[in-house]
Amino acid sequence: MYEYRIEVKDLNTWFGEKHVLKNITCYFEDNSVTAIMGPSGCGKSTLLRSINRLNDLIPGFRLTGQIFFAGSNIYDPDRNVYELRKRIGMVFQRPNPFPMSIRENLTFGPRLHGIKDEDELERIVEDSLRKAALWDEVRDQLDSPAVHLSGGQQQRLCIARALSVDPPVLLMDEPVSALDPISAGKIEDLIVQLKKEYTIILVTHNVQQAFRVSDQAAFLYMGELVEFDKTKRIAVAPEDPRTEAFITGRIG
Amino acid sequence: MVMPTIRETLAAWSRQISERYESLSMRLRRLKDPAHVDLAGRIGLFIPATTAILIIVLILTFLWYESMPILTSDVGGPAIFLEPTWDPNRDLFGIGVFIAGSLVCTGIALGVALPVGIGAAIFLSEFCPSHLRDVLRMIIEMMAAVPSIVYGLWAYTVMVPWIRDSVYPAVSSNPLLAWVPFLQGPTNGYSALAGGLILAIMLLPTVVSVSDDALRSVPRSLREASLALGASESETALKVVLRAALPGVGAAIVLSLGRAVGETMAVLMVTGNSLTIPYSLFDPCYVMTSIITNQLGYAFVFPLWRSALFAVALVLMLMSICFTAIAKVLIWRGTRIGAVV
Ligand SMILES: Nc1ncnc2c1ncn2[C@@H]1O[C@H](COP(=O)(O)OP(=O)(O)OP(=O)(O)O)[C@@H](O)[C@H]1O
Ligand SMILES: [Mg+2]
């Protein structure tokens, strides 16, 4: 019994007239990393942002099909979107810390969801920073502006911010593509650490990275789910010629 | 010989001009030490920047010079800034009454214009569908183009009677409000409230369009970060977007402060211009700009009278400068943590 397993069933999405995702069916297991790969524009971000309903706000976006999270369809009309988004954290491609202090970046989410006790907030700040492997670097400057951190630190702060509301699922949309190789390496290590506690869905352009960190992999091509299996298997023997072409660098 | 057409002549001219400009900039670029070029640029920009300061200093000096007679005379002196009685015939030049009038009107104006204007800007940038937004922005920008005398006439014919016949009766017959000290009557409609409200209406376009621009320049990624944490759209607007846009919204506040203190015509027509300190919103008052406009024409009768009017202008100027500085400091403190705008 997977408590937080996410299941996508017959998902189709449109931006206006443009049919972006076509009949996607897949699932994401607990305490594992699923990589979503594919060439630019194939719909990776769209799939990811359908899982926390962030696409809802885009004018002209339309969706059919279902996404089950912990057993219930997140697109049920009476589903509380804010509660859902609290439980499905997200990290974006470019670091986007709030223009506030480091501490405030981390207390923002908990405060929204009603945590007022200062000691409790203090504990959350430290916990999230530790989980994001940032505590030692910023413990003495919690009140300084978050935007003064380096790009890699900012991205780890964004991961800490996502963890601050204690979501069981973490969506990551190319979280290292805007960073230097060393910062990227740190965040990859972090992802491997985090999967012990979280269900992670990682969108990435980078095949090697997907192979290094993921347990399962999905390959999207022009809005279709071409291949979806254990990463090990895909890495060794891709079934579809398009997957093979992408892995070997002939498309992408 | 064929006469060149006008178009050809123009084209030739523009080619010549651009060639000349290009050769100059290319030559500057090829200089041994390009830093000199930049130095030239810096000096070139230094001059206009200092000009602005110079103009302010000149105006202050001039006001100071003109108000010296009253500030040094026996009947006047620095105490006039606090004295509430203005009667040049009896050598009473208390300009405190005008300072009080201006402060009350400005306070009412900002108290109304800032919440309404910033609220409207949040609606426009965060919640309004974009085609409706364009129309609303255009209407709001048109509001800014209405001459203040027209606002004054409208306030004179519509707002003053409305305050007299509807607002005041409603307030005074309401048992909860009738006791509030600053809501006492009676009133004929000409009041600090009327002045403050018409000022607020005049400030709105600035507040709305400057704040709206600031809010819209906040990157989408910040909004998404907040929503992804489970914040609602309105929580995102207030706690993330407005906060990130604070410096720009602050600029709107500073601009409107300056305008509110300095506005003349519309206020003059509806405040009742009575030489008393307003203790209630429904009391008439007299603002600084009004006394200067009304009395400068015949103030030459006594030199001190004229000088006292310049002292009013000096206060006006200093008040504007102080308000701007205070607003800037507050904004700076509010955004020390770093904002994106
Ligand atoms: N807000 C939007 N409005 C309209 N069309 C959109 C929008 N966002 C994405 N699309 C379209 O949907 C398709 C898939 O976009 P998506 O962002 O999911 O691609 P992606 O796989 O994440 O690409 P990348 O690797 O470049 O991030 C694209 O063709 C894009 O044009
Ligand atoms: Mg993408």
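## Ligand 1

Glu174(A) places a polar side-chain atom 3.2 Å from an oxygen atom of ligand 1, in a model that is predicted. An N or O atom in the side chain of Ser45(A) is 2.6 Å from an oxygen atom of the ligand, and a backbone N or O atom of Gly43(A) lies 3.0 Å from one. On its own, ligand 1 exposes 630 Å², and the protein buries 64% of that (Shrake-Rupley accessible areas, 1.4 Å probe).

The shell around the ligand holds 13 residues, of which Lys18(A), Ser40(A), Lys44(A), Ser45(A) and Thr46(A) come nearest (a residue is near if one of its heavy atoms lies within 4 Å). Three residues, the largest share of this shell, come from α1(A) (helices are DSSP runs of H or I, at least four residues, numbered from the N terminus).

## Contact of chains A and B

Chain A gives 26 residues to the contact and chain B gives 22 residues (heavy atoms within 4.5 Å). About 2000 Å² is buried between the two chains, with 66% of it from carbon and sulfur atoms (accessible area lost on being put together, 1.4 Å probe, summed over both parts).

Two salt bridges cross this interface (a side-chain nitrogen of Lys or Arg within 4 Å of a carboxyl oxygen of Asp or Glu). Arg243(B) forms a salt bridge with Glu104(A), the closest N and O atoms being 3.1 Å apart.

## Basis

Residues are numbered from 1 along each chain, chains are lettered from A and ligands numbered from 1 as written. Local features need pLDDT of at least 70, side-chain atom pairs count only at pLDDT 80 or more, and totals for chains, interfaces and linings use all residues, while side-chain values use heavy atoms, without hydrogens and water.

Terms used. Polar contact = N/O pair within 3.5 Å; in protein donor to acceptor, adjacent residues only side chain to side chain. Helix = DSSP H or I, 4+ residues; strand = E, 2+ residues; numbered from the N terminus.
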